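Thank you all for making time this morning.

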Amino acid sequence: MTLDVETNRGDDELREYAGRNEFPWVFAVMTPEIQAALAGQFGNTVNIPPAEPQWLIRPDGSVVGLIGDSSPNALINLINTPSA
C-alpha cells in the first residue's frame with residue numbers, strides 16, 4: 001500500500017497514476033490524522049513530496065526502509081525477500 005501525503009488527490013487521480021506506473025498495489029490518501037502522527041514520530045520530512053520516506057511492510061510484518069530503487073520490480077523483490 002502507498003499512502004499519498006497530498007490529501008487533495010481524488011480516487012480517480014490515484015487510480016490513473018497507479019495504473020500508468022504499473023504499480024500492482026493499493027494507493028490511498030492519508031487522512032490529516034495519519035499525516036500528523038507520522039510527522040510527530042518521524043519529523044516533517046514525511047510531508048514533503050518527493051522527499052517523504054518510504055517504508056515497505058512485508059507480509060511477515062517486517063519493515064524495510066526503502067533507499068534507492070523504488071521501481072515496481074525492485075519493490076516486488078523487496079516484498080518477496082525474507083526478512084533477516
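Let me start at Gln 35, which sits in helix 2, the helix that covers residues 32–42. Please keep in mind throughout that what you are looking at is a predicted model.

Is Gln 35 buried or exposed? With a relative accessible area of 15%, Gln 35 is buried, because the cut-off for calling a residue buried is under 20%. As for what surrounds this side chain, if we set aside residues up to four places away in sequence, Gln 35 touches Val 5, Thr 7, Met 30, Val 46 and Asn 47.

Of those, I would like to pick out Val 46, which is found in the loop between helix 2 and strand 3, the strand made of residues 55–57. Val 46 is itself buried, with a relative accessible area of 3%. Along the chain Val 46 and Gln 35 are 11 residues apart, and their C-alpha atoms are separated by 7.8 Å.

Now to helix 2 as a whole. Which residues are buried in helix 2? They are Gln 35, Leu 38 and Ala 39, and when one looks down the axis of helix 2, its buried residues fall within an arc of 100°, so they line one face of the helix. The face of helix 2 that is turned away from this buried side carries the exposed residues Glu 33, Ala 36, Gly 40 and Gln 41. Just after helix 2 comes Gly 43, which takes a positive phi of about 95°.

Let me step back to the chain for a moment. The protein chain has three helices and four strands, and, read along the sequence, these follow the pattern β-α-β-α-β-β-α. Buried residues make up 21% of the 84 residues in the chain. If we take the contacts between residues at least 6 apart in sequence, 34% of them join residues at least 24 apart. The accessible surface of the protein chain comes to about 5,900 Å², and 55% of that surface belongs to carbon and sulfur atoms.

Staying with the surface, there is a nonpolar patch of about 370 Å², made by Met 1, Leu 3, Val 26 and Ile 34. Leu 3, one of the residues in that patch, belongs to strand 1, which runs over residues 2–4, and Leu 3 is partly exposed, with a relative accessible area of 35%.

Next, the charged side chains. How many salt bridges does a search of the whole structure find? It finds two, and I will take them in turn.

In one of them, Arg 15 pairs with Asp 12, and the closest N and O atoms are 2.7 Å apart. Both Arg 15 and Asp 12 lie in helix 1, residues 11–20, where they are three residues apart, or about one turn of the helix. Arg 15 is exposed, at a relative accessible area of 54%, and Asp 12 also counts as exposed, at 60%.

The other salt bridge joins Glu 16 to Arg 20, with the closest N and O atoms 2.5 Å apart. Here the two partners are four residues apart in helix 1, and thus separated by about one helical turn. An α-helix has 3.6 residues a turn, so residues three or four places apart point the same way. Glu 16, at 43% relative accessibility, counts as partly exposed, whereas Arg 20, at 52%, counts as exposed.

Finally, the aromatic side chains, where a search of the whole structure finds two pairs. In the pair formed by Tyr 17 and Phe 23, the ring centres are 6.0 Å apart and the planes are at 50°, so the pair is tilted. Tyr 17 is partly exposed, at 30% relative accessibility, while Phe 23, at 17%, counts as buried. Ring pairs link Tyr 17 and Phe 23 with Trp 25 into a cluster.

Methods. Residues are numbered from 1 along each chain as its sequence is written. This is a predicted model: local features need pLDDT of at least 70, side-chain atom pairs count only at pLDDT 80 or more; totals for chains, interfaces and linings use all residues. Side-chain values use heavy atoms; hydrogens and water are left out. A salt bridge is a side-chain nitrogen of Lys or Arg within 4 Å of a carboxyl oxygen of Asp or Glu. Helices (H or I, at least four residues) and strands (E, at least two) are DSSP runs, numbered from the N terminus. Buried means under 20% relative accessible area, exposed over 50%, partly exposed in between (1.4 Å probe, protein chains only). Contact means heavy atoms within 4.5 Å. Accessible areas come from the Shrake-Rupley method with a 1.4 Å probe; for residues, only the protein chains shown count as cover. Patches are made of residues with over 30% relative accessible area and no salt bridge: like charges are joined within 9 Å, nonpolar side chains (Val, Leu, Ile, Met, Phe, Trp, Tyr) within 5 Å. The arc is that of the directions from the helix axis to the C-beta atoms. Rings of Phe, Tyr and Trp (its six-membered ring) pair if their centres lie within 6.5 Å; planes under 30 degrees apart count as stacked, over 60 as edge-to-face and the rest as tilted.
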